[in-house]
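I open these notebook entries to set down what I looked up, one topic at a time.

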Amino acid sequence: MNTYFNIRYEFDKNQIHNAIAVRLSQPGSDYICVADGVILNNANRNNAYLDVVNGGMFSICDSSFVPLYIKWLYGIRYNQYCGSEIFKDIIASQKYRMIFLGTQQHILDGLKGQIMKFNPNVEKMKFIELPFRNVDEFDYPEIANLINNDHADIVWIALGAPKQEIFMANLKPYLNRGVMIAVGAAFKFYSGLDVKRAPDWMVNNHLEFIYRIFSEPKKQLKRCSWILATLPGLLFSEWKRKKHICNLNMQHS
């Protein structure tokens, strides 16, 4: 686990899945953030939200650009592990009892039908629509009671950032056990009814953002403009951090 751009990332897939298994063997709950460019941008403009993002186990890297930035700055190669990938990997493993919390019932119904194809056990799991409301207006003890009674290992949450990360942080104290993972658009990707993920060739060439702009232009253009506006400052701050680390290493060598 390493911190880049003020976010605690875990890039190693094996470490991620081992950490989940270890956490589930212990009492209490925790959460994992799936940090894309939007979360990176918002977290570095809002200290309270940054504390939420770093308040869980770690973040996985949903951005294809962050590994590029790290390679440019540090010469270290990491891979993206996006929300839709960890979502499918965990479900297909058939290791865990899960519960799915989202916002639209037709998306949840479509999701259930699609993911049963690679995990038939999903048929007996709960898919629960959450009401559209402010993140501070949810009845967290009631939601936690539902999850605790279900004995779910993994709690998938799709409310959109930054709402879903704050939701997990607020829910955590009420859960007896389990790992929450906020996967944003993954419910839509796998529902077969709504927004689909970009083709592999676009993902592999860091062009997924273009596909998403054309899929949801109003929403994505606003997000991209914020990211572009703050990116130079983020890169400069990380470059200064790298120099500081190098100077400290030289002093102690």
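**Aspartate 150 and its partners.** I began with aspartate 150 in this predicted model, and found that aspartate 150 forms a salt bridge with arginine 97, with 3.0 Å between the closest N and O atoms. The pair ties together distant parts of the chain, since aspartate 150 belongs to helix 7 (residues 140-150) while arginine 97 sits in the loop between helix 5 (83-93) and strand 5 (98-102), 53 residues apart. I then checked how accessible the two residues are: aspartate 150 counts as buried because its relative accessibility is 6%, whereas arginine 97, at 28%, counts as partly exposed.

I also noted that the side chain of aspartate 150 meets that of lysine 126 in a salt bridge, at 3.1 Å from N to O. Here too distant parts of the chain are linked, lysine 126 being in strand 6 and aspartate 150 in helix 7, 24 residues apart. Lysine 126 has a relative accessibility of 37% and therefore counts as partly exposed.

**Other salt bridges.** How many salt bridges does a search of the whole structure find? I recorded 6. One that I looked up joins the side chains of arginine 241 and glutamate 238, at 2.9 Å from N to O; both residues lie in helix 12 (residues 217-251), 3 residues apart, which is about one turn of the helix. Glutamate 238 is buried at 3% relative accessibility, while arginine 241, with a relative accessible area of 30%, is partly exposed. I also wrote down a network of salt bridges that links Arg23, Asp30 and Lys172.

**Strand 3.** Because 8 of the 8 residues of strand 3 (residues 28-35) are buried, the strand is largely enclosed by the rest of the structure.

For the pairing, I noted that strand 3 runs parallel to strand 8 (residues 177-182), with 5 bridges between them, and that tyrosine 31 has methionine 180 as its bridge partner in strand 8. Strand 3 also pairs in the parallel sense with strand 4 (residues 58-61), over 4 bridges, and there the bridge partner of isoleucine 32 is phenylalanine 58.

**Cysteines.** I looked for disulfides across the whole structure, and the search finds 0.

**Asparagine 119.** My last entry concerns asparagine 119, which I located in the loop between helix 6 (105-115) and strand 6 (126-129). Is this residue buried or exposed? Asparagine 119 counts as buried because its relative accessibility is 0%. A polar atom of its side chain lies 2.7 Å from the backbone oxygen of isoleucine 91, and, leaving aside neighbours within four places in sequence, asparagine 119 is in contact with Ile91, Gln94 and Met98.

Notes
Residues are numbered from 1 along each chain as its sequence is written. This is a predicted model: local features need pLDDT of at least 70, side-chain atom pairs count only at pLDDT 80 or more; totals for chains, interfaces and linings use all residues. Side-chain values use heavy atoms; hydrogens and water are left out. Helices (H or I, at least four residues) and strands (E, at least two) are DSSP runs, numbered from the N terminus. Buried means under 20% relative accessible area, exposed over 50%, partly exposed in between (1.4 Å probe, protein chains only). A polar contact is a pair of N or O atoms within 3.5 Å; within protein, one must be able to donate a hydrogen and the other to accept it, and residues adjacent in sequence count only if both atoms are side-chain atoms. Contact means heavy atoms within 4.5 Å. A disulfide is a pair of cysteine sulfur atoms within 2.5 Å. A salt bridge is a side-chain nitrogen of Lys or Arg within 4 Å of a carboxyl oxygen of Asp or Glu. Two strands pair if DSSP finds at least two bridges between them.
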